[in-house]
Amino acid sequence: MATVGQACLILALLTCAYGIGASLYGAIAGRRDWVDSGRRAVYALAVLATAAFVILESAFLRSDFHYSVVATHSSTTTPTFYKAAAAWSSQQGSLLLWVWLLSLWSSLVLFLVRRRLRDVAPYATAVLLGFGAFFTSLLIFAATPFETVAAAPAEGTGLNPLLRHPSMMIHPPMLYSGYTLWAIPFAFAIGALVVRRVDADWIRATRRFALAAWFFLGVGILLGARWSYAELGWGGYWAWDPVENASLLPWLTGTAFLHSVMVQEKRGMLKVWNVSLVLATGTLAILGTFLVRSGILDSIHAFGASTLGVPFVSLIGLMIAGSVALIVTRRDSLRSEHRLDSLLSREAVFLGNNLVLVGLAFVVFWGTFFPLISEAVTGEKAAVGPPWFDRYTVPLALVLVLLSGIGPVIAWRRATLANARRNFLWPVGAAVVTLALLIAFGVTSNVAAVTMFAFGAFVVAVVGQEVARGVSARRAMASEGPARALVSLVRRNRRRYGGYTVHVGMAVLFVGVAASTAFQHARDVRLSPTQSATIGGYQITYQRATARADYRGDRLERVALGAVLDVKRNGKHVTTLRTERGYYPSTAAFASGSIVQGIFDGDATSEVGMKAGLTRDLWTAIRPDPEYLNKVIDALVVKTRNQPIDQQFKVVGNLLGTYKQGAFPAQFRLISSPLVTWIWLGGIIVFAGGLIALWPAPDAARRRVTAGYAGRVARELGRA
Amino acid sequence: MDVLAPLLVIALLGVVVWLVTGPLRAGATAAEDVDAARREDLEAAKEAKYREIRDAELDLRTGKLSEDDWRAIDRELRAEAMELLRRLDELG
């Protein structure tokens, strides 16, 4: 089937090339049949990419090691759940996933607009197929997933143990869905600029896709943060790692775009800004893919080599040059229809929100690429760390949260004093009360965090007030009960109330971030069994060591050395935590005949012992003391070097017994963080809001009637 | 498998060719429906305008627009919506 898979890719490339030619010819010659044929080339690409992806996935699920990519990224002992995910842990599989998702989303949008935007759509089709051609070319010429060997190895290398986490099954497809979905507004923006149809039509046609891109990218980022917190063993959820930052960049500019398009739709303003934002977001999505796959920047989770650098940089260069050329040559068509009436207006707040978001994106971009910039300028690679990022992002995040509270209640065009008093009195009161309570309880040590709490309360109060007023208005209009009125209100204004829900979620999330970073207690301690350490008022006692070997079939999959920890507060038992360090045997060392060496030469992961709560997380991770452990291992390696395999397994068993019984010291990282759960809860609220905004509006009334136009407008408005 | 692979590739090629040449086989006139496309664009614009009218009304009721501002905006938006209806009717 590898031949069929490879043929699918070649056919896909030819289909993309044909589709680009047919769409452009159809658009220029005014031939609808050729335009439709070009659109169908996208459907054909989806069929071919689906076939190729299914062939690759089935090879992974069957553990067919004739495929080089399967042999190097999976094994017979990899659980089935992770065998499916192993496909996109590889360079080749992830690029194929990219093409597959792109083809599906592109087919969907082009099907939905098949009778709309007839001037713009052919150029958008050509751009989308251009992306398809680029990625299928990489799959054919640089990173083919269908490379096979005549003699398949008996066993594969296995999936990187760090990736054996449930969120890793979903995280990459979410991120890639976000990246590929951003290609859609990018393509339509290019099409709109080419034909100089720069009104809000293309924005309306692709708005749901932009929102879906934002949604999926956000879910992917949050799952990545959760994975980092639960799996990487350092105790944090965000390390300003280049790959994390790469996904954040298009999310930030995309968030700015989703806000500023409202100004264009309402007032015909910010057209240059909007096309610039969406073109930048599309380019940053490609840059994000490049950073994950290239390994150009050192990252804890850049899973690729740098063989794809030249083609990616060429594509990014082409996208930037093309975007700039189109905007410059179309600047006359992009003039605003109105001017900003007042700095105290919703338009101005949206502009401020955009500047902050783009400012954040710039800070993240600069910090991420600083190693490359410094190398280019000074010849030495230097990196900036979390304190550098925090210095700039903390104040910008504060302003962003404040604006997310002001935006929903300030008037369009111009806010008056009476209007401001009516809308801001209660929310400002809520912020002041929160501040007073914090001061009263002595929470004053971190000004930025305390300010964030007050701003968070302001946002929640604003949205609460907005919903209450909306429900009240709805009840007055339709004589409905409060619950029914709330449902009707949200159902009829999904975009607005979905957006408000997102604002509440972001406020909750930022409060969680502020609290967990400002008021975190963290300690690295070395404990022997029965010894204790205190952290944030908790007494943690290393009760006993644990050790076990996990087998899958007759193959040793993992050796886990851990600890049972007893947690007390004020002398009372709170919980018992179990943390482990898992050692995955290295295949190479196995092949050399030394089981003991193989176990500790392979990959290692941390299983965190955690008690998560609404107010505080207690987080622990063990790292057996290498000084002691290495001595034991070295002695055992020497002792077992020439022994048969079954004898070596027996020695491993003895080692585990010795570890359990002995009093080996171990390194522990102990963290007590307040409100970490708020980050995940905030994320869930954000995405619930995103779903509300994404959900299709109720069927609009489309029936034609013969009454006067004013009457028809009134009637159709009442029906919808 | 050696025989099956070329057959599958030929079948896939056939599906692709059949799919993409469909509109060309049907001919230019069959694929052409300018009025339908225009109608779809106008319907979308109309729905967007209705949404704006509803938004403005909700802004008034939740205190973000003064009565005078709302009247001016509503009048303008309704005029634009009526113009869209007129253009839709012209398409028949």
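**Interface and domain organisation of the predicted model**

In this predicted model, 47 residues from chain A and 44 residues from chain B make up the contact between the two chains. On the side of chain A that touches chain B, two or more residues each are given by α1 (2-29), α2 (32-62), α8 (201-231), α14 (417-440), α15 (447-478) and α23 (709-719) of chain A. Of these elements, α2(A) supplies the largest share, with eleven residues. Sorted by class, the side of chain A that touches chain B holds 21 nonpolar, 18 charged and eight polar residues.

Chain A is assigned three domains: domain 1 spans 1-158, domain 2 spans 416-492 and domain 3 spans 521-677. A distance of 43 Å separates the C-alpha centres of domain 1 of chain A and domain 3 of chain A.

Chain A also contains an open sheet of four strands, in which the pairing is antiparallel and the strand order is β1-β9-β8-β7. The edge positions are taken by β1 (521-527) and β7 (609-612) of chain A; each has a single partner strand, so one side of each lacks a neighbour in the sheet. On average, and with direction ignored, neighbouring strands of this sheet are turned by 10 degrees against each other. Within the sheet, strand β8 (residues 616-624) of chain A pairs with strand β9 (residues 666-674) of chain A in the antiparallel sense, over nine bridges. Asp617(A) has Ser673(A) as its bridge partner in β9(A).

How values were computed. Residues are numbered from 1 along each chain as its sequence is written. Chains are lettered from A and ligands numbered from 1 in the order in which they are written. This is a predicted model: local features need pLDDT of at least 70, side-chain atom pairs count only at pLDDT 80 or more; totals for chains, interfaces and linings use all residues. Two residues are in contact if their C-beta atoms, placed from the backbone, lie within 7 Å. Ala, Val, Leu, Ile, Met, Phe, Trp, Tyr, Cys and Pro count as nonpolar, Asp, Glu, Lys and Arg as charged, and the others, Gly among them, as polar. Domain bounds come from an automatic or database domain assignment. Two strands pair if DSSP finds at least two bridges between them. Axes are lines fitted to C-alpha atoms, for helices over the stretch in contact, and angles run from 0 to 180 degrees between N-to-C directions.
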